[in-house]
Amino acid sequence: MLFNSLDFAVFLPIVFVLYWFVFKNSIRSQNFLIVIASYFFYGWWDWRFLALIAFSTFVDFIVGKQLDKTEDRNLRKSLLVFSILVNIGFLGFFKYYNFFLDNFITAFTFMGMPIKANSLNIILPVGISFYTFQTMSYSIDVYRRKLRATTDLVAFSAFVSYFPQLVAGPIERASNLLPQFFERRKFDYLKAKDGLRQVLWGLFKKLVIADNCAEFANAIFNNSTEYEGSTLVLGAVFFTFQIYGDFSGYSDIAIGTSRLFGFNLMQNFAFPYFSRDIAEFWRRWHISLSTWFRDYLYIPLGGSKGSKVQQIRNIFIIFLVSGFWHGANWTFIAWGALNAIYFIPLLIFGTNRKNLGTVAMDKKRPSLRELSAILVTFALTVFSWIFFRAESMNHAMSYISGIFTAQLFQVPDFSVFPGALTLLILIFGFLIVEWKGRAGQYAISGMKAIPSKARRWSIYFLIILIIDIFGSTSEEIEFIYFHF
């Protein structure tokens with residue numbers, strides 16, 4: 001079920017009414033409703049894969065209880081390894097089986113030992129990369145004694161399957177989300193109103209920015225050999241805003257929806273395209289995944305301790321794994337490696353934690369130096385997204401070689417793409433709003449401070465009107481990260 005669908009528009013109010021009016025006096029009943037609603041929400045896509053979520057939930061629930069009971073170090077390690085193998089095993093089979101098979105066949109053929117093996121027609125379960133990481137973090141935290149295991153299967157099932165963030169995050173830690181299922185939740189009007197405001201902004205990002213950018217990005221990337229350098233740059237820029245509007249829009253809707261039910265999810269995007277270097281970008285982009293890799297892979301590898309060579313090794317491992325997490329294609333690995341290369345100079349010169357605060361805080365405009373840093377970082381990011389979007393490494397290299405031609409500095413022929421110029425104007429306006437709200441949790445969170453009710457509602461109406469004009473489409477477009 002898509003957030004941007006009529007189905008969800010019917011589903012959400014029904015769950016909301018049952019949650020607050022029918023089951024409001026029982027935490028356990030509310031949790032049970034969330035489990036049923038979440039399984040219905042996921043099963044709307046394909047009910048057959050509900051068994052995967054249920055099995056993963058049951059395994060980590062049992063493992064957590066056993067980890068809490070025993071002091072035997074070997075047994076505790078074995079339990080943790082079992083949990084990780086089950087979750088990674090599911091992820092590996094559904095997401096990476098054909099990738100490894102094809103590459104083994106290619107490698108053996110290259111060595112003069114051709115082998116025959118049939119690939120499988122495997123359907124990738126939506127959100128499997130997200131909920132497997134969420135359940136694994138629970139088992140790891142219980143193993144590390146950072147969290148007590150729960151004995152409430154209903155609450156734990158609700159934590160794993162919680163529908164607002166089930167299929168595309170944020171990847172929540174059990175230490176943040178799980179305790180909220182044991183707290184009595186009272187309806188908070190101001191919290192709910194703020195949630196609806198964030199949902200509205202998320203829908204704007206998805207329907208107006210992402211989906212319109214997708215139309216032009218797809219047209220250019222799918223026919224890249226037909227276009228000149230400047231048009232290819234335009235295609236990469238459109239994809240840059242497509243993936244941001246799409247993914248951060250989903251996170252905004254998930255976080256806002258959660259606030260309707262009294263839950264607080266972590267911020268997943270913090271205006272990453274205003275970053276002044278790549279290190280800052282990765283502190284602001286997909287925060288739940290970046291911090292997951294930091295806590296469960298980077299720090300155990302040694303983190304920033306040890307020699308520079310060891311630190312560089314750790315950075316490369318993190319970015320390569322992050323790239324591979326996104327998909328079974330060498331393009332994602334190349335994307336991760338390129339970001340590691342961007343990051344290394346900052347690490348070597350000790351400037352990777354230079355820009356920790358909000359850019360141009362308490363100022364209307366950035367300084368010339370800040371603006372230059374933002375533009376350079378943005379350009380590097382746009383370039384790396386080419387690998388992320390390309391169908392293959394050959395496609396990526398062909399696309400890049402097509403950019404660096406004599407036509408690079410020509411103005412793109414906008415007559416070929418009716419509406420592209422209008423979209424660029426919309427993106428510019430979108431960036432202004434994002435810039436003004438960059439210190440908040442989301443761009444229009446500061447609207448609650450506007451004293452005039454008429455002015456606030458005028459802005460809401462304008463956003464809805466723009467969504468209606470530019471976001472109306474006969475086709476419901478899936479969120480990009482459903483495929484990861």
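Modeller: Glu71 counts as exposed, with a relative accessibility of 62%; the scale, computed with a 1.4 Å probe on protein chains only, calls a residue buried under 20%, exposed over 50% and partly exposed in between. The model is a predicted one, in which local features need pLDDT of at least 70 and side-chain atom pairs count only at pLDDT 80 or more, while totals for chains, interfaces and linings use all residues. Residues are numbered from 1 along each chain as its sequence is written, and side-chain values use heavy atoms, with hydrogens and water left out.

The side chain of Glu71 forms a salt bridge with that of Arg145, at 3.1 Å from N to O; the term requires a side-chain nitrogen of Lys or Arg within 4 Å of a carboxyl oxygen of Asp or Glu. This pair links distant parts of the chain, 74 residues apart: Glu71 sits in the loop between helix H3 (50-69) and helix H4 (73-110), and Arg145 in the loop between helix H5 (128-143) and helix H6 (153-161). Helices are DSSP runs of H or I with at least four residues, numbered from the N terminus. Arg145 counts as partly exposed, at 40% relative accessibility. The backbone of Arg145 also deserves mention, for its phi is near 65 degrees, a positive value in a residue other than glycine.

In total, the structure holds 17 salt bridges. In another of them, Arg197 meets Asp194 at 2.9 Å, N to O. These two residues are three apart in helix H8, so about one helical turn separates them. Both are buried: Arg197 has a relative accessible area of 4%, and Asp194 one of 7%. Asp194 forms a salt bridge with Arg259 as well, where the closest N and O atoms are 3.3 Å apart. Because Asp194 lies in helix H8 and Arg259 in helix H9, this pair ties together parts that are 65 residues apart in sequence. Arg259 is partly exposed, at 22% relative accessibility. Elsewhere, salt bridges with shared partners join Asp68, Glu71, Arg145 and Arg148 into one network.

Leaving out residues up to four places away in sequence, Gln242 touches Ala210, Cys213, Ala214, Ala217 and Ile480; a contact means heavy atoms within 4.5 Å.

The largest nonpolar core has 150 residues, and Trp285 and Tyr481 have the most contacts inside it. Helix H9 (residues 229-260) gives the most to this core, with 15 residues. A nonpolar core is a set of buried Ala, Val, Leu, Ile, Met, Phe, Trp, Tyr and Cys residues joined through side-chain atoms within 4.5 Å. In soluble globular proteins, nonpolar side chains tend to be buried together. The contacts of Tyr481, again without residues up to four places away in sequence, include Phe130, Ile243, Phe247, Trp285, Trp325 and Phe388, and also Asp246, His286 and His326.

There are three cavities of 30 Å³ or more. On a 1 Å grid over the protein atoms alone, a cavity is a set of points where a 1.4 Å probe fits but cannot get out, and lining residues have an atom within 4 Å of a point. The largest cavity holds about 90 Å³ of space, a volume being the space filled by probe spheres set on the points, which are joined across faces, edges and corners. Of the 16 residues that line this cavity, Lys205, Asp252, Phe269, Gln441 and Tyr442 lie nearest its centre. Helix H8 (189-222) and H9 are the elements that give two or more residues to this lining, and H9 gives the most, with five.

The second largest cavity has a volume of about 40 Å³. Its lining consists of Tyr244, Phe271, Tyr273, Phe274, Phe430, Leu431 and Glu434, and helix H16 (residues 420-436) supplies the largest share, three residues.

Two backbone details remain. The peptide bond from Gly169 to Pro170 is cis, with omega near 5 degrees, and Pro170 lies in the loop between H6 and helix H7 (174-177). Ala360 has a positive phi, near 50 degrees, in a residue other than glycine; this residue lies in the loop between helix H13 (330-348) and helix H14 (368-389) and is buried, with a relative accessible area of 3%.

Methods: 1 Å grid on protein atoms, 1.4 Å probe; cavity = no way out; pocket = protein on both sides within 12 Å on 5 of 7 lines; lining within 4 Å.
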